[in-house]
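Look at the chain below. The paragraphs after it go from the whole chain to its core and then to one helix.

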Amino acid sequence: MAYIEKSFNIPNNTGLSEEQISVHLGLYAGYVKNTNALLEKIQTWQSEWDAFTLAELQRRLGFEFDGMRLHEFYFSQLSEGSKALDENSKFGQLISKQYGSLDVYQADLKRIGSTRGIGWVVTYYDIESDSLLSTWVSDHELGHLAGLPIILVIDLWEHAFFIDYRPATKGDYIDTYIKSINWEIVANRL
Ligand SMILES: [Fe+2]
């Protein structure tokens, strides 16, 4: 079993430069490659019973796999260009109920994304409480909410914006990214 690198139809009016997107897509490809390489090595070492090596490899799987998957969420949110949120969708209704408006929700994402350090803003849907929960995930794998499906992500690693923005202006990067989100794709994840 091997994961295949996905392609995304990202228009050139996202506000992020072509170079920025292209460098970032290259990093995503690395996560796909490393996830496949790790899974293969884990398989190999299993038969050779090298417990120490296997444990170290196993610890890396969350980093590489989550790095691959989170980038797929991230780039697909830019696919096909920005599209407005359908307020009658389930996601639209939850935004209205919990935040009052999309603007308030977006401000909340920006607040979380302004956290120091590298990682992701992630919004999940919790079926038990029938609500959206947003949090900060460090690296790619630390802090995920167990069992909840991911509805939206924003990459806050510096590699996501370092060509176009400085660390001190990452708030502007968040604004730019949010403006380019295809909300139809986000809403369809629910
Ligand atoms: Fe990234």
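Of the 190 residues in this predicted chain, 25% are buried, where buried means that 20 or more other C-beta atoms, placed from the backbone, lie within 10 Å of the residue's own. The model is predicted, and local features need pLDDT of at least 70, side-chain atom pairs pLDDT 80 or more, while totals for chains, interfaces and linings use all residues. Numbering starts from 1 along each chain as its sequence is written.

The chain has 6 helices and 3 strands, in the order α-α-α-α-β-β-β-α-α. Here helices (H or I, at least four residues) and strands (E, at least two) are DSSP runs, numbered from the N terminus.

In general, nonpolar side chains in soluble globular proteins tend to be buried together. A nonpolar core is a set of buried Ala, Val, Leu, Ile, Met, Phe, Trp, Tyr and Cys residues joined through C-beta atoms within 7 Å. The largest such core has 27 residues, of which Trp-120, Val-121, Val-153, Ile-154 and Val-186 touch the most other members. At least two residues each come from α3 (90–99), α4, β1 (119–126), β2 (131–138), β3, α5 and α6 (183–188). A second, separate core of 7 residues includes Ile-10, Tyr-28, Val-32 and Met-68.

Now take helix α5 (residues 170–179), where Tyr-173, Ile-174, Tyr-177 and Ile-178 are buried. Seen down the axis of α5, these residues fall within an arc of 130°, so they line one face of the helix; the arc is that of the directions from the helix axis to the C-beta atoms. The buried residues of α5 pack against α4 (102–113) and β3 (150–155), contact meaning C-beta atoms within 7 Å.

Key: A residue is buried if 20 or more other C-beta atoms lie within 10 Å of its own, exposed if 12 or fewer, and partly exposed in between; C-beta atoms are placed from the backbone. Two residues are in contact if their C-beta atoms, placed from the backbone, lie within 7 Å.
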